[in-house]
Amino acid sequence: MTSLVIRDLEVAYGGVAAVRGLSLSVAPGEIVGLIGPNGAGKSTTLHAIMGLVSARRGEIRFAGESIRGRAPEAIARAGIALVPEGRRLFAELTVEENLRLGLAARPRSNGTDADLADVAGLFPIVDEFRHRPAGVLSGGQQQQLAIARALVAKPAVLMLDEPSLGLAPTVVDLVFSTLEAIRERGLGVLLVEQRAQRTVALADRTHVLANGELRLTLTPDDAADTDRMVAAYLS
Amino acid sequence: MTDLLASGLTDFVGDAVDLQVQVDAIGLGAIFALMAVGIGLVFGVMRLVNFAYGQLIMAGAFAIAFASERDWPVWAGIALCFAVVLALSLAMERVVFRPLRTQSAAVMLVATFAVAFLLQSIALLWFGPLGKTATSLVDLNRPVSVGGVDIRKITIVAIVTAAVCLLLLVLLLNRTSIGLHMRAAAMDFSTARLLGVRANLVSMVAVLIAGALAAIVAVMLTVQYPTVTPTYALQETILVLAGVVVGGMTRLLAATLGGFFIGYMSGLLGGALPSSQSQYLPSFLFGLVILVLLVRPDGLFTRHRGLVERV
């Protein structure tokens, strides 16, 4: 079972705790949402999993092994991919080169051509603009490329940090429908989002984070319950 | 007085356009360009200005002198030069660069100063202030006549070698996955690592390529300057560093052009200045550097940052 399990995670920036006592898990074929106001510790959680910031306490296990304290490239190569906030594409490199960088996380290069073609099927713009610098793409196209780049790494768990930020509504629809397709392929998804209602409706369960702590967990049934959603944010 | 000045100026300009001076200057520019690539590549990937780069060349030159004094065959001397420079490069990367990678640029620069002086002192202890002589390749200083112009063989060797090295490097950077990883690391190291690019591997490859270039430069410099002392290649390194800054530190092509430019100017001024005034050459060059930096602080060969770079 290649699932991601976090137990009692604590991350601090210079003595101030950004995340406290957080526990969650992501199993294959499951979408787990993480919502909450700005500064709640959502991105910090993803960064801690990815090894970009060090955890002060707690366990981060992936496929049965502890990955806490490993370098980001080792975690990527173990099978966790992050689509970072703001996409972080290489603007001067072409779309194709950006995509090929996603292959860096794969220990072996067999089957990569098929996977590149597969991702191009999922996101036609990737193929259409393959020779253009990534920097000239629109925001929505860049987001698609960023997700495509993460997918060619063939991760077991895909983490996304606010993928819908600043995108046009039609592109947001595309991102959310892509996530459903990804779930059907058996990947585990950990989704940090500002669009609370859509996230709750999509995810198998959604944790609400505030001040670095997990406040409550919502299921898709709660998506229609606006009062509960608002209460979750104001608690 | 004015006549004297005018005739001096005419001589100067006349010497500068002299074909032989031009070819020699291009040859020197080619060697400087290779040094600039070595410094620029490591800076690009690791954001580290390796001031000890000149001492790598010095060590390589001593290796050639060592072999030459023992009458080893030429290939053995060159092989020893590569072995010494590559081993030193690897050691530098493991012992100094890697542990300090997360430190600020200033800390790393000061550390490379320390390495530079350490290597220089070791050379002083081992070989003394007068150094050694590398004579195995001096035959390459003989001229060949090309279209009525006498050109030293080493100049041709330098130009061809530099062109081949640059071509190979461009192919490596643009056609291989390690090259792609190095370019990505140079643009945004933390995102590259996030994607699985191995920080240690790309740093090591960059340092090894820079080391190989230093070895090549050591071979070619000993042909022209066979007396190897502990301060060997020091002034060239400072000039190349200036050239790299003038060209534009953050872009490899710009840095390379900067290195070529300062080597070329150095050759041109060296050929055109009367020999009684050649000690003023570095002053001229650094004056030029200051002027360029005042006018174009981002570098001579960089474009202004456009929209494309801001994602």
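Guide: Neighbours within four places in sequence aside, B:Leu34 is in contact (C-beta atoms, placed from the backbone, within 7 Å) with B:Ala162, B:Cys165, B:Leu213, B:Ile216 and B:Val217. This is a predicted model, in which local features need pLDDT of at least 70 and side-chain atom pairs pLDDT 80 or more, while totals for chains, interfaces and linings use all residues. Residues are numbered from 1 along each chain as its sequence is written, with chains lettered from A and ligands numbered from 1 in the order written.

B:Leu34 also belongs, with B:Ile31, B:Ala61, B:Val217 and B:Ala218, to those that touch the most other members of the largest nonpolar core, which has 167 residues. Such a core joins buried Ala, Val, Leu, Ile, Met, Phe, Trp, Tyr and Cys residues through C-beta atoms within 7 Å, buried meaning 20 or more other C-beta atoms within 10 Å.

Helix α2(B) spans residues 19-46 and packs with α10(B), residues 234-247, at about 70°, their axes 9 Å apart. The two are therefore roughly perpendicular, a term for angles of 65 to 115 degrees. From α2(B), B:Phe32, B:Met35, B:Ala36, B:Ile39 and B:Gly40 meet residues of α10(B) including B:Val240, B:Leu241 and B:Val244. By class, this contact has 7 nonpolar, 3 polar and 1 charged residues, Gly being counted as polar.

With α11(B), residues 252-272, the axes of α2(B) come within 6 Å and cross at roughly 150°. The contact of α2(B) with α11(B) comprises 19 nonpolar, 10 polar and 1 charged residues.

Definitions and conventions
Axes are lines fitted to C-alpha atoms, for helices over the stretch in contact, and angles run from 0 to 180 degrees between N-to-C directions. Helices (H or I, at least four residues) and strands (E, at least two) are DSSP runs, numbered from the N terminus. Angles under 35 degrees count as roughly parallel, over 145 as roughly antiparallel, 65 to 115 as roughly perpendicular and the rest as oblique. Two residues are in contact if their C-beta atoms, placed from the backbone, lie within 7 Å. A residue is buried if 20 or more other C-beta atoms lie within 10 Å of its own, exposed if 12 or fewer, and partly exposed in between; C-beta atoms are placed from the backbone.
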